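Here is a short report on one structure. Look it over as you read, one region at a time.

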Amino acid sequence: MRLVPSDEEKMLRESVAQIAQSFGHSYFMQQVREGGSATELWNALGEQGFLGVCLPKEYGGGGQSLWTLMIVAEELAAAGCPMVPLVFSQAICGQLIAKYGTTEQKDAWLEGIVTGAQRFSFAITEPDAGSNSHNISTAAEKVGDQWVLRGTKTFISGVESADQIVVVARTGRRPDGRGLLSLFVVDPNAEGLTRQHVPTAVEVPDQQWMLFFDGVTVGADRLIGKEHEGLRAVFDGLNPERILGAIQTIGIGRYALDKAVRYAQERNVWGVPIGAHQAVAHPLAKAKIELEAAKLFVQKACMMYDVGDPGVGEVANMAKFAAAEAGVNCLDHAIQVHGGNGVALEYGLTDMYWLARMIKFAPVSHEMVLNYVAEHTLGLPRSY
């Protein structure tokens, strides 16, 4: 784990930051208000090769590690443009197809994911399954050489701009009753698939949807990996999801602290900048320390993923926990420093709050992370 960034990493950060800042938070929020998908920013990143930095070179990608995509995600968020599709399109679906897809599947989709010409969505969450992936009820039944999907998914991101959806479905049961899972690539316009918008307080261009699969038919060529072995692949995708969600929250924390520090230097009351007062300065300094510590944790998780360390799941969960706490704390202190201006939309703080806050319960809740650490790290009895 290299703590001193290479020249290449510095150049990558500078290049992504330059693009993100040329659009800025105002553009990002305009996309939210107007129902856009931040397509111009997405295309600009794709044209420069930043969407495919961690995908295979033979499909136009950079062939680099997940850490390079982390840099891209962090710098975008730090500029006030947290691009959530990087999580489910690049980090989850792109990695799944690159690792488990057939040659034909890779040829069909990876180049598009690399350039950004194709966006993917990822559908695992269900109304009744919660954090228990073994309890997924959306089922895929094999009929001849095809699969027929029936069930419901909820809180599925970015379906409105997705070209394909990777769906996690139950294809059988183990003797203990737990589901055997498989992964399928489904066309969002497939017959029998309908969707319902789920309004949320999270202010990002990508909307949330409930999906209804009523006899959706997909060919055998749409199965990613082996039948019944999707759970392993799912967790290979969920670890990057946790890591990317964490680094985006770190980026939001940087964004908030930067605004808070500038305001504390410029805002003058009683003859001195408010940043000269310890009651203002110390909470920001403490938030900075916590943010940097959390970032190191996230970096460790990412490096473990990149080298294939089997313990990455544990560390990815811990890193997500730490990043969510630190990022939300930075944002909260930034709002506090601004006083009444903190809730004025022109200052661009409160409109970032719910995305950062969401990382405390998604893609896995703080409580489930603590359950995992208590049982698997500390050796305490299972509590759920």
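## The loop at alanine 38

Alanine 38 sits in the loop between helix 1 (7-34) and helix 2 (39-47). Helices here are DSSP runs of H or I with at least four residues, strands are runs of E with at least two, and both are numbered from the N terminus. The phi of alanine 38 is near 55°, a positive value in a residue other than glycine. Most residues other than glycine have a negative phi, and most peptide bonds are trans.

Is alanine 38 buried or exposed? Alanine 38 is buried, with a relative accessible area of 0%. Buried means under 20% relative accessible area, exposed means over 50%, and partly exposed lies in between (1.4 Å probe, protein chains only).

## About the model

This is a predicted model, in which local features need pLDDT of at least 70, side-chain atom pairs count only at pLDDT 80 or more, and totals for chains, interfaces and linings use all residues. Residues are numbered from 1 along each chain as its sequence is written, and side-chain values use heavy atoms, with hydrogens and water left out.

Histidine 228 is partly exposed, at 30% relative accessibility.

A cis peptide bond joins alanine 362 and proline 363, with omega of about 0°. Proline 363 belongs to the loop between helix 9 (350-358) and helix 10 (366-377).

Why is strand 5 described as largely enclosed by the rest of the structure? Strand 5 (residues 179-186) has eight residues, and seven of them are buried, so the rest of the structure largely encloses it.

Strand 5 pairs with strand 4 (residues 164-173) in the antiparallel sense, over eight bridges. Two strands count as paired if DSSP finds at least two bridges between them. Isoleucine 165 has valine 186 of strand 5 as its bridge partner. Strands 4 and 5 form a hairpin with five residues between them. In the turn, glycine 177 has a positive phi of about 95°.

Strand 5 also runs antiparallel to strand 8 (residues 223-224), and two bridges join them. Leucine 183 stands opposite isoleucine 224 in strand 8.

## Glutamine 208

Glutamine 208 is part of strand 7 (residues 208-219). Glutamine 208 is buried, with a relative accessible area of 15%. Which side chain makes a polar contact with the side chain of glutamine 208? The partner is serine 157, at 2.7 Å. A polar contact is a pair of N or O atoms within 3.5 Å; within protein, one must be able to donate a hydrogen and the other to accept it, and residues adjacent in sequence count only if both atoms are side-chain atoms.

Leaving out residues up to four places away in sequence, glutamine 208 touches Phe155, Ile156, Ser157, Gln196, His197, Val198 and Thr200. Contact means heavy atoms within 4.5 Å.

## Salt bridges

How many salt bridges does the structure hold? There are 16. Each is a side-chain nitrogen of Lys or Arg within 4 Å of a carboxyl oxygen of Asp or Glu.

Glutamate 9 pairs with arginine 2, the closest N and O atoms being 2.6 Å apart. Glutamate 9 is buried, at 13% relative accessibility, whereas arginine 2 is partly exposed, at 45%. Arginine 174 bridges to aspartate 176, with closest N and O atoms 2.7 Å apart. Arginine 174 is partly exposed, at 34%. Aspartate 176 is partly exposed too, at 47%.

Glutamate 292 forms a salt bridge with lysine 288, the closest N and O atoms being 2.8 Å apart. Both lie in helix 7, four residues apart, about one turn of the helix. Glutamate 292 is partly exposed, at 34%. Lysine 288 is partly exposed, at 39%. Salt bridges that share partners join Arg13, Glu74, Glu75, Arg254 and Lys295 into one network.
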